[in-house]
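Please read it with the model open.

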Amino acid sequence: MSASIRAGSLVLYKIHPTRVSAVGEKIEIELAGGKSRKVRPKDISLLHPGPLHSLAALDAPEANVEEAWELLQGEQPAFEELAELVFGEFTPASAWATWELLQGGLYFTGAPGAVKVNSPEQVAALRAERERKQREAEEWEGFLARVEQAALEEEDRKRLAEVERVALGDAAKSRILDHFKVEATPEAAHRFLLRCGYWAAEYNPWPRRAGAVLESPEIGVPALPEEDRLDLTHLEAWAIDDVGNQDPDDAISLDGDYLWVHVADVAALVRPDGHLDQAARERASNLYLPECTVTMLPPALTEQLGLGLQPVSPALSIGVRLVDGEPRDIRVERTWVKVSRTSYEAANERLNEPLFARLAELTAAYRARRLARNAARIDLPEAAVRVIDGEVVIRPLPKMPARDLVTDAMLMAGEAVARFAEANDLPIPYAMQPEPEPEEIRQPQTLAEMYAYRRLFKPSNTVLHPEPHFGLGLERYARATSPLRRYADLLVHQQLRAFVSGGDPMSRETLAERIAGIDVAGGRIRRAERQSNLHWKLIYLQRHPGWEGEGVVAALEERKAVLIIPELAMEIRMRLHDRFALDQTVRLRLRDLDLATQDVWFRVV
């Protein structure tokens, strides 16, 4: 080949046309733009011997491609022959045009030394493929334009699902995010989806990001088995809950000096390892979101077993007699009860009535015993967040004696169950909390003291042997009053029920396996609920851009101050001001917020 190459030849160098300007030990070529380079003969391919005076002369001549292609069917023409048939002559310009024709690959393919003619079937397939790619390219460009303009069409949502996967933490990359030079992080993807209109600001992605199950189980509910039950329907029993509660699973009644805590007998229908049990175990607890509730058990089961939802309800009742605030004469019975439902506010108005007054007296004595053992009484602001007909309603939960009454009655039942199980060597999940590191332990009084005290606490754990629960001030305790809502409570009931019915309770090993699974699922639920509540609080603030309210300084850190906004039950951090002091109340005004990171900024008015 080197012998055929001379000055003025058209040669191919790295798929680019070049003109040979001199031939020696190496060949000097002229590149587009006037630059030159010396190359080895094997680095170039001859397209035309020349003479070519300038690369600017390589304008493509008129072509008759399809006619040449039809004439050459079944042939394998030489490069020069192809150029002459297509362009009518073999010149440097037609040689370069022929090379480009080969690279186009529709009618002819190959290289100067090996030209191939495509069959009609190949051309038809190639043309269809190119048309498809052209359509896809046009659709892609149209999609990108609509994303840029936040004018999405329904078909665009399928494409944007890949960005949603990044926003939910299920994927680490996205072609769309790459195109718009957006970092492939959940936060950045979240902002992107808000900006282009794929997600409305109100859309709550946090439960999905936490990995929570978002559907209540749809499983048939069996009929209640026929069995002996203690009839307590003659007792006045009250289920006291927040307004709007849909799953009443505990109630209180008095029988002389005997206090009963009745709990929905969920274990009567949810047997270990059955379909209902497996569904509840997967979910670990009800998921309470401001916009909806996802139940761990079918709603039909709650309708059948919820206390006060039927004229008479089956219950597993825990009875105690209090002696100096300590549960004695503990009984666990399968019962029938007739329950009335009321709210905390309504019960609070009735505390001067004999029944409620006596309940308050008993639970106050029980509370005094716990507080004497350094039980923590931390009353930081709380609020119920609900979405009602699209409106975000934030209702601070007032502290009231009726709420304390119910809380201590349920703790009393939990302690009684723990004592009952321990006395009968019955394996159950106990709740324990280690004591904080050695510090002065005292009852906090102010909000800042309560906040600091809470930060000392270690997490509570689920164990299979009774251990003290520091925060509750109890030597032993089991969560046992919410089997409709929490799987850990349901496990306790399954064990209690097996014992009082003469059945076979689960072994400690089986319980350990159950606990390990629900601890993980429970963490997902708590994270989903916490982030969802904050999400809707931020939506509320976004809808009230001029919001002002009071914040209380709860802690002073190195560069930041922690403030709690009681009206919203929201904890925020602000840049430290010299005038901040613990428990000081300051007036705040909303400055900005970021739904994707759940950050919110205020300024002091």
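**Aromatic contacts, a helix and a pocket**

Phe180 and Phe192 are both buried (buried is under 20% relative accessible area, exposed over 50%, partly exposed in between, with a 1.4 Å probe and protein chains only). This is a predicted model: local features need pLDDT of at least 70, side-chain atom pairs count only at pLDDT 80 or more, and totals for chains, interfaces and linings use all residues. Residues are numbered from 1 along each chain as its sequence is written, and side-chain values use heavy atoms, without hydrogens or water.

**Aromatic pairs**

- The whole structure holds 11 aromatic pairs (Phe, Tyr or six-membered Trp rings with centres within 6.5 Å; planes under 30 degrees apart are stacked, over 60 edge-to-face, the rest tilted).
- The ring centres of Phe180 and Phe192 are 5.4 Å apart and the planes meet at 50°, so this pair is tilted.
- Phe420 and Phe499 have ring centres 5.7 Å apart and planes at 85°, so they pair edge-to-face.
- Phe420 belongs to helix H13 and Phe499 to helix H15 (residues 487–500), so the pair ties together parts 79 residues apart in sequence.
- Phe420 is buried at 13% relative accessibility, whereas Phe499 is partly exposed at 32%.
- Tyr453, Phe457 and Phe470 form one aromatic cluster.

**Charges over rings**

- The charged end of Arg157 sits over the ring of Tyr198, 4.3 Å from its centre (CZ of Arg or NZ of Lys within 6 Å of the ring centre and within 35 degrees of the ring normal).
- The charged end of Arg175 sits over the ring of Trp140, 3.7 Å from its centre.

**Helix H13**

- H13 (residues 401–423) has 23 residues and should span 33 Å at 1.5 Å a residue; its end C-alpha atoms are 33 Å apart, which agrees (expected span is 1.5 Å times one less than the number of residues).
- Of its 23 residues, 18 are buried, so H13 is largely enclosed by the rest of the structure.

**Second largest pocket**

- The second largest pocket is lined by 17 residues, with Arg573, Met574, Val600, Trp601 and Phe602 nearest its centre (a pocket is an open set of points on a 1 Å grid over the protein atoms alone, where a 1.4 Å probe fits, with protein on both sides within 12 Å along at least five of seven lines; lining residues have an atom within 4 Å of a point).
- Strand S23 (570–575) and strand S25 (599–604) each give two or more residues to this lining.

Terms used:
Helices (H or I, at least four residues) and strands (E, at least two) are DSSP runs, numbered from the N terminus.
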